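This briefing covers a pair of strands and several salt bridges. Please keep the sequence and the structure in view while reading.

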Amino acid sequence: MTGKFQRAGKKRAAARSAPPRSPPQMPYSAIVGQAQVKRALELCFVEPRMGGVLLSGERGTGKTTAVRAFARMAMGEKDQPLVNLPINATEDRVVGGWRIKDLIDGKTVFQKGLLEESHGGLLYVDEVNLLDDHIVNIILDVTSTGVLVVQREGLNKTEDVQFVLVGTMNPEEGTLRPQLLDRFGLMVTVKAETEPEVRGQILERVLGMEDAAQRRAAEQEDGTCRKRLLQARERLPKVELPRALADACIRAAKALSVEGHRGELVMARAARALAAIEGRSVVSAEDIQRVAPLALAHRRKHGSQREAAAWSEVDDALVDKALGIAPGTA
């Protein structure tokens with residue numbers, strides 16, 4: 001009996017000395033609200049060539065929670081579904097290069113960069129507005145082309161790389177230059193919920209995830225969502241954008257004073273991805289209506305990151321006019 005008591009005492013002591021377990025991560029399907037955030041993430045998963053998603057909002061609005069939950073859902077059982085890029089990352093750490101420790105010993109050993117490590121997964125850049133502009137340019141180039149070029153002394157390497165890029169930022173801490181902002185395919189302004197009823201639902205849902213049965217149900221729903229997105233990826237190449245709607249994308253971008261051609265291209269790709277997600281083979285005018293704020297809000301001349309590039313009824317009306325939709329009939 002003495003030995004049994006000693007073993008029990010050791011177990012209690014070990015339990016007291018063990019670090020507290022971190023709270024389980026929130027399942028994607030358990031997130032309340034944030035419809036635009038979810039839509040943008042899902043669209044970029046289905047069509048990564050759009051250039052990624054920028055989530056802009058004050059601290060505490062759930063940006064990071066949504067990104068991490070989405071990565072776990074969308075990437076399934078991958079060992080590393082999400083790669084974090086720190087704001088102090090060097091170019092060698094981002095694109096790859098010779099391993100310094102081996103160079104000191106006279107050896108040349110290549111070390112993968114974070115972009116190559118992200119292949120097939122999700123690259124998350126928190127506080128992207130504080131990252132060096134040169135590094136941001138490199139990331140956005142690889143995102144849009146799907147090609148990583150590494151050129152170092154004695155090394156010329158090209159790799160096909162594809163990942164979902166998600167950047168988050170707090171506009172109170174600084175903004176992105178317009179040239180870099182335009183490179184992000186979609187942008188969502190994330191705001192805290194103000195309705196007491198919705199805030200209550202958020203609190204209830206978070207606490208509910210402590211219950212094993214509720215968590216399992218949400219995780220099963222995540223599996224269903226992932227299957228739907230993977231099917232949409234396969235369907236995407238077959239989705240047709242009618243020429244009349246392609247012309248409407250151009251008119252909408254022009255009506256909202258969007259410079260360059262990236263706005264209408266992203267809007268067209270996002271509309272095709274949305275149709276694919278919903279199981280359709282032809283883009284509709286409603287698809288373009290729904291993705292226009294994500295693709296165009298941050299590209300307007302009067303759009304402001306600090307003022308959340310607020311999308312108004314006037315903007316909706318301009319898009320509807322470009323689509324040939326009469327007011328009040330949408």
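In which sense do strand β1 and β9 pair, and over how many bridges? The model is predicted, and in it strand β1 (residues 53–57) runs parallel to β9, with 5 bridges between them.

**Strands**

- Opposite L55 stands V188, a residue of β9.

**Salt bridges between helices**

- A search of the whole structure finds 16 salt bridges.
- One of them joins the side chains of R93 and E117, at 3.7 Å from N to O.
- R93 belongs to helix α4 (residues 91–95) and E117 to helix α6 (residues 114–117), so this pair ties together parts 24 residues apart in sequence.
- R93 is partly exposed, with a relative accessible area of 33%, and E117 is partly exposed at 31%.
- The side chains of D182 and R262 also meet in a salt bridge, at 2.5 Å from N to O.
- This pair links distant parts of the chain, 80 residues apart: D182 is in helix α8 (residues 178–183) and R262 in helix α12 (residues 262–277).
- D182 has 18% relative accessibility and counts as buried because the cut-off is under 20%, whereas R262, at 33%, counts as partly exposed.

**Other salt bridges**

- K157 and E159 form a salt bridge in which the closest N and O atoms are 3.3 Å apart.
- K157 is buried, with a relative accessible area of 16%, while E159 is partly exposed at 28%.
- A network of salt bridges links E278, R280, D287 and R290.

Conventions. Residues are numbered from 1 along each chain as its sequence is written. This is a predicted model: local features need pLDDT of at least 70, side-chain atom pairs count only at pLDDT 80 or more; totals for chains, interfaces and linings use all residues. Side-chain values use heavy atoms; hydrogens and water are left out. Two strands pair if DSSP finds at least two bridges between them. Helices (H or I, at least four residues) and strands (E, at least two) are DSSP runs, numbered from the N terminus. A salt bridge is a side-chain nitrogen of Lys or Arg within 4 Å of a carboxyl oxygen of Asp or Glu. Buried means under 20% relative accessible area, exposed over 50%, partly exposed in between (1.4 Å probe, protein chains only).
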